[in-house]
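Dear colleague,

Please find the sequence and the structure below, followed by an account of what was found.

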Amino acid sequence: MEVFCTGSNSLAAPVFDKAGRLFVAQYDSGEIQQVVEADDRSYTQTIASTRGTPSGMCFDGQGVLFICDQTHQSILTLSNGELMPYVKEYEGKPFTGPNSIVFDRAGNMFFTDSGPLGTTSLQSAKGSLFMIRVDGELLQPILYECLAHPCGVALSPDHSVVYVAEMMRNRVLRCTQRPRGAFHVSVFYQFAGRMGPSALACDGQGNLHVALY
């Protein structure tokens, strides 16, 4: 393990575009930054700012950057240097604050809605997991207002399983899609100690990597 790049203490949401360029978000300042390598060093270069608290990012197949921002309680898009709101409510009710986001190979979007830490707690487990289908852009809940601070989200290599980190219950959930559009939810792993998992990534062999807070 080595330090690739240093910045402020609020670096979040690392994501690569198709060209292999790395982007990060500054959770405290709202800046969206590209990690630039030059002269045997790496540094961050600001390309935009949400003026909020970006916590999760992902590129779609067309190279548009989608950003979860908890201050704006919405998902924003960044394309050609322009920030635009994408979605901010479900059936007329504002999101609590989108946290993390991922796309499957078909272009369907999955994202968690947690709000700032403490908003969807054990005593008020109102966090959700949503899906936006690429065919018709239909927004639908997979787990609605029943999660205690859902944050990281990841897909299995065949994209049939959605993993969700539920931080305040210190566990990872597994949502298996079978048949298409029908999700069956189970506890994939229950941790003991610390606060709970905050970020997830699944490699090509199906190993799930968990950042434990």
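The first point concerns an open sheet of four strands, which follow the order β1-β2-β3-β4 with antiparallel pairing. Its edge strands are β1 (11–16) and β4 (41–49), and each of them pairs on one side only. On average, neighbouring strands of this sheet are turned by 30 degrees against each other, direction ignored. Please note that this is a predicted model.

Within this sheet, strand β2 (residues 22–26) and strand β3 (residues 31–38) run antiparallel and are joined by four bridges. Phenylalanine 23 stands opposite glutamine 34 in β3.

Strands β13 and β14 run antiparallel and are joined by five bridges. Phenylalanine 130 stands opposite proline 141 in β14.

I turn next to the interior. In soluble globular proteins, nonpolar side chains tend to be buried together. The largest nonpolar core in this model has 15 residues, and those with the most contacts inside it are Phe66, Ile75, Phe95, Ile101, Met109, Phe111 and Leu139. The elements that give two or more residues to this core are β6 (65–69), β11 (98–103), β12 (109–113) and β13 (127–132). Leaving aside residues up to four places away in sequence, phenylalanine 66 touches Gly56, Met57, Cys58, Asp60, Ile75, Leu76, Thr77, Tyr86, Ile101, Phe103 and Met109. A second, separate core of 14 residues includes Phe110, Met131, Ile142 and Cys175.

Serine 55 lies in strand β5 (residues 54–59). Its relative accessible area is 14%, and serine 55 therefore counts as buried, the cut-off being under 20%. The side chain of serine 55 makes a polar contact with the side chain of glutamine 70 at 3.4 Å. The serine 55 side chain also reaches the backbone oxygen of asparagine 99, at 2.8 Å. Not counting residues up to four places away in sequence, serine 55 touches Ala12, Ala13, Tyr27, Cys68, Gln70, Pro98 and Asn99.

Cysteine 58 has a relative accessibility of 12% and counts as buried. Cysteine 175 is likewise in no disulfide, the nearest cysteine sulfur being that of cysteine 146 at 9.3 Å. Cysteine 175 is buried, with a relative accessible area of 0%, and belongs to the second core mentioned above.

With kind regards

Note on methods: Residues are numbered from 1 along each chain as its sequence is written. This is a predicted model: local features need pLDDT of at least 70, side-chain atom pairs count only at pLDDT 80 or more; totals for chains, interfaces and linings use all residues. Side-chain values use heavy atoms; hydrogens and water are left out. Two strands pair if DSSP finds at least two bridges between them. Axes are lines fitted to C-alpha atoms, for helices over the stretch in contact, and angles run from 0 to 180 degrees between N-to-C directions. A nonpolar core is a set of buried Ala, Val, Leu, Ile, Met, Phe, Trp, Tyr and Cys residues joined through side-chain atoms within 4.5 Å. Buried means under 20% relative accessible area, exposed over 50%, partly exposed in between (1.4 Å probe, protein chains only). Contact means heavy atoms within 4.5 Å. A polar contact is a pair of N or O atoms within 3.5 Å; within protein, one must be able to donate a hydrogen and the other to accept it, and residues adjacent in sequence count only if both atoms are side-chain atoms. A disulfide is a pair of cysteine sulfur atoms within 2.5 Å.
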